[in-house]
Amino acid sequence: MSIVVGFLPTPEGTAALDAARREASARSAQLVIVNVAFPRHGLHHQEQEDANNAALEKLEAELRAAGMSYDLIHPVGDYDPAEEILKAADAPGVELIVLGLRRRTPVGKMLLGSTAQRVLLQSDCPVLAVKANG
């Protein structure tokens, strides 16, 4: 059994990861982390990539120290975050997807789309949506 979580090095990504870790521990499940930091339509800078890599290194060290079973997926090239999360969730034994939510205006959702909305509507398994504190 496994829990899939979409990861970004943001407060929302951290909230999702924390919730996914709790769920994986409670269910004795493997954690599947989908690193969706730089999708095709998102421009990034070296500083952002360095911050993401540092966050992932820290995360992997914490998971190893905790003895938690995990798999880290790094989509490459021209990808859509929602598709990558849904693809990971299509694997046998996935019990749950965990996503972090951020507040967006209705116009922002209409113009830019919503990864969380697509995953919520298209997932074949339950989705836990969490908000960052603050």
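This passage walks through the overall fold of a predicted protein model and then two of its residues. Because the model is predicted, local features need pLDDT of at least 70 and side-chain atom pairs count only at pLDDT 80 or more, while totals for chains, interfaces and linings use all residues. Residues are numbered from 1 along each chain as its sequence is written, and side-chain values use heavy atoms, with hydrogens and water left out.

The protein has five helices and five strands (DSSP runs, H or I of at least four residues for helices and E of at least two for strands, numbered from the N terminus). Starting at the N terminus, the order is β-α-β-α-β-α-β-α-α-β. Of its 134 residues, 40% count as buried (under 20% relative accessible area; exposed is over 50% and partly exposed in between, with a 1.4 Å probe and protein chains only). Take the contacts (heavy atoms within 4.5 Å) between residues at least 6 apart in sequence: 78% of them join residues at least 24 apart.

Now for the two residues. Gln117 sits in helix H5, residues 115-122, and is partly exposed, at 42% relative accessible area. Ala82 is 35 residues from Gln117 in sequence, yet their C-alpha atoms are 8.8 Å apart in space.

Ser123 is in the loop between H5 and strand S5 (127-131). Ser123 counts as buried because its relative accessibility is 16%. A polar atom of the Ser123 side chain lies 2.7 Å from the backbone oxygen of Cys125. Leaving aside residues up to four places away in sequence, Ser123 touches Leu86 and Ile97.

How values were computed: Polar contact = N/O pair within 3.5 Å; in protein donor to acceptor, adjacent residues only side chain to side chain.
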